[in-house]
Amino acid sequence: MSDFKNSASIVSEDPNAVRFGFTPQSENWNGRLAMIGFISAILIEAFSGQGLLHFWGIL
């Protein structure tokens, strides 16, 4: 086992590094933004008394 080399990993260990694709960080941000959008839609409906599409004038 003395010939085993510890090579640096290909993926950066920095959690704030920019990575593209289906990474855990991108999935976390996707979930967070979806939760913000869903709560925003509920609050608009609760305070305006209209559906989201009626509020925007689409329907």
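1. A polar contact is a pair of N or O atoms within 3.5 Å; within protein, one must be able to donate a hydrogen and the other to accept it, and residues adjacent in sequence count only if both atoms are side-chain atoms. S48 gives two examples. A polar atom of its side chain lies 2.6 Å from the backbone oxygen of I44. The S48 side chain also reaches the backbone nitrogen of Q50, at 3.2 Å.

2. On the basis: this is a predicted model, where local features need pLDDT of at least 70, side-chain atom pairs count only at pLDDT 80 or more, and totals for chains, interfaces and linings use all residues. Residues are numbered from 1 along each chain as its sequence is written, and side-chain values use heavy atoms, with hydrogens and water left out.

3. The protein chain has two helices and zero strands (DSSP runs: H or I, at least four residues, for helices; E, at least two, for strands; numbered from the N terminus). S48 belongs to helix 1, residues 24-48. I42 lies in helix 1.

4. S48 is partly exposed because its relative accessible area is 30%. I42 is partly exposed too, at 41%.

5. The charged end of R32 sits over the ring of W29, 5.0 Å from the ring centre (cut-offs: NZ of Lys or CZ of Arg within 6 Å of the centre and within 35 degrees of the ring normal).

Key:
Buried means under 20% relative accessible area, exposed over 50%, partly exposed in between (1.4 Å probe, protein chains only).
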